[in-house]
Amino acid sequence: MKKGSFLLPVLFLCVWQLVCTLGLLPPSKLTSPLQVCLGMKDLLTQGMPPGFLLPMHALYSLERVLYGFSLALLLGVPLGIAMGGSRTLRNLLYPMVNFFRPIPPLAWVPLAILWFGIGLKSAAFLIFLGAFFPILLNTCAGVLAVEPILVDAARTLDASRWNIWLKVLLPGSLPSILTGIRIGMGIGWMTLVAAELTGVRQGYGLGYMIMSAHDLQRIDEIFAGMVAIGLIGLAIEWCLARLSKSLLKWK
Amino acid sequence: MSRKRLAAGVFLILIASLVFPSKSQPGGQPVRMAYLQNDLHHLALWIALDKGFFIEEGVSIEVVGVFRAGAAIMAAFGAGDLDMAYVGESPTTIAAARGATRVQVLAQANTEGTALVVSRSQSSISGLAGLRGKTVAMPGIGTVQDFLLRKALRSQGVDEKEVNIMVMSPAGMLTALQAGQIDAFIAWEPYPSKAETMGIGRSLVRSRDIWQDHPCCVLAADQEFLKARPLDAQAVVRAHVKATKYIREHADEAVAVAMKYTGMDEATIRAALKNITYTTELSLAGEEEFVRFLSLIRYIKISDPQTFMEGFIDRRFLQGIRP
Amino acid sequence: MGAKLTISRLGKQYPSDKPGSPVTVLDNIDLGLDAGSFVSIVGVNGSGKTTLLRIIAGLEQPSWGAIMLNGVPVTGRTDCIGMVFQELALFPWRTTLQNIEMGLEIKKMPSQKRRAMAMEYIHAFGLAGFESKFPKELSGGMRQKVAIARTLVTNPELVLMDEPFSALDSQTRNNLQGFLLDVWGRRRETILFVTHSLDEAVFLSDQIVVISSIPAKVLEVIPVDLPRPRDRTSIAANLLRKKIFDLLYGREGSAVESEAV
């Protein structure tokens, strides 16, 4: 991270704190950065609901997201590769994909509960829905973007269809697949709060934490919860970026 | 006037109307109210609306929303969208304690009227201790039901963490209980009675067994509204008292109105009404218990309960009425 | 080492926008290559040279005609025909070593043996020290060396080369021409080399096949009897270039259209 990229956020925080200190907006509407920090402290020490601390909330949420995201990966990459390699399949599936893609995961909550009950499975399903489409479409695009001449070169080296899939199309589309993964993971993480509306069994989850803060009128903890979600999302993105970089040394 | 100037003027007015929300005008304007979905505790409001008691008292009501849980009503108060509402005493206390909104309690709506229902298939559960390791649903953090559940568990020496307490809307609770996704739920009537008439659950404990005569729902009002339109507030309280009396004196009519507003069958409603006491009397001791226990479970932090309660409960509106 | 290639009346047509009048790219090409010879094909841009090569390589099917390798008909892909492409056709995610090994990998050669063979070529081609580099880290000239090594390591009898040096600067190009002649001199596969550089064709080949623009026909097959190593600046070389130029571009410098059959 470059030094200059800190300037704007710091400026933003100062202006925000100033607005609150001067009382330009009532504290019930806008919490100051200071109070958000204190709220964060409470989330870490007292917990919301009381006794349920932030790190555990984060852990359970991560579990839900990883579950849903893994499903999206396992289904999206092979299907994307198959679609990339077959015009017939593409023509067959594109209309359905483009129909379902714009439906926000939140709209699926009632159906998810109906099909998967309350708890982990329906939450994972919603996250799956969020992550699946970027992974599928980017994988498909990646396969289509592999230079035909590379396929030709492999053919002149007597590659079978299977060889072409494994040794040319898969590694060639890896950059796009990784892009799809990063986007899919990002959307999956964003879908978390909606996903936890399907019911949280063990009492842990960042979305559930924020809803509880809302129920107990702790606006400062709502803000702090959002900050926590944002920071974790940032960390995940950073990890994926590092992974991409090491896998794509050849680019 | 040039077109550009006209457009600019319209644009400015649009922006202004968004940035500066209009304040409610005194006199003639309806009183904006809300209640909870299918909450039989708020029957007095439905009766007053149905029988025209508000109009008799010279005030018109606009039902701004029907909400899922008390916290949502308190948020609406905080946003300035409500003048008065029927809502649980627990979420109201929490919101007032946090300074999220300035409301005052003008009258009681009911006492008791909540029950903890256990799935029929869970025949081994005979007491609250049997809830260890089970999944129990309740309508929301800070609701009266949440309050009662935790109070009950503690009284039996059961640590809350040993029970899987889940937040769920009461309508969802019936489906979830039937599907075996939860083992028990605690909710306001008529949901417990409905579970029984559906044959999917049995009452394990009624709220009166947890805390006898406990206050439940109240008639609350926004402080700004009270200052600006005390006569309208008084009219609403009078209608409320009339309606509460009506429930006691016209049981069958009350059942009919309850069926209309909840969509539930007569057997369920009649069973449910047996568990609820409709009264307008405010209990200071009751509110004190709310403050004490909510502080104990760290939902609120009140340094001076007495001062808080003085600013929270306003009996003047009730006192002006001879029932 | 090299194979004898015979092409009889090879034709290729593509359907066009107007139904009933397809586009003829190759019009009855006849060609014969002796085993171990180095033959160039020259023609103007867009004259179907690449299409011809792709058909021989088995990447596309001819519309009519026959291809014979050592008397055996070729239909589609044959594993004794290799191809070097004009653009970067190295697998960008594979190192030099892995690129060269690709053909052997596909043939399921065990990894020890693969590596040994590939390293032989790496040393022979002056690529030592670059075996772990990715194509993006190599210069244009090195990349084409890797491409040639990749093709040659599987010991094809016929090597097709589609303007492999045209993307290089002239100095590198000259170097690689010399390098190619060196390698070919020791191994003697049959090479069919497509180029639009007359200088290159004269420098490298035993024979030059001049083809017209689309629909492509063989205009003339010119033997190059000049002694090796060739002198680019000799009068004989110049005369040869002029002859080809006139064939291709006519007296006034415009491209020659083939006569209708």
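## Cis peptide bonds

Pro229(C) is found in the loop between strand 10 (218–223) and helix 7 (235–249) of chain C; helices (H or I, at least four residues) and strands (E, at least two) are DSSP runs, numbered from the N terminus. The peptide bond that joins Arg228(C) to Pro229(C) is cis, and its omega is near -5 degrees.

In chain B, the bond from Glu189(B) to Pro190(B) is cis, with omega near 10 degrees. Pro190(B) belongs to the loop between strand 9 (184–188) and helix 8 (191–198).

## Basis of the model

This is a predicted model, in which local features need pLDDT of at least 70 and side-chain atom pairs count only at pLDDT 80 or more, while totals for chains, interfaces and linings use all residues. Residues are numbered from 1 along each chain as its sequence is written, and chains are lettered from A and ligands numbered from 1 in the order in which they are written.

## Positive phi values

Glu112(B), a residue other than glycine, has a positive phi, near 55 degrees. Glu112(B) sits in strand 5 (residues 111–112) of chain B. Glu112(B) counts as buried because 23 other C-beta atoms lie within 10 Å; the cut-offs are 20 or more for buried and 12 or fewer for exposed, with C-beta atoms placed from the backbone.

Lys108(C) also has a positive phi, near 65 degrees, and occupies the loop between helix 2 (96–106) and helix 3 (111–124) of chain C. With 7 other C-beta atoms within 10 Å, Lys108(C) is exposed.

## Contact between chains A and B

In chain A, 18 residues are in contact with 23 residues of chain B, contact meaning that C-beta atoms, placed from the backbone, lie within 7 Å.

Conventions: Two residues are in contact if their C-beta atoms, placed from the backbone, lie within 7 Å.
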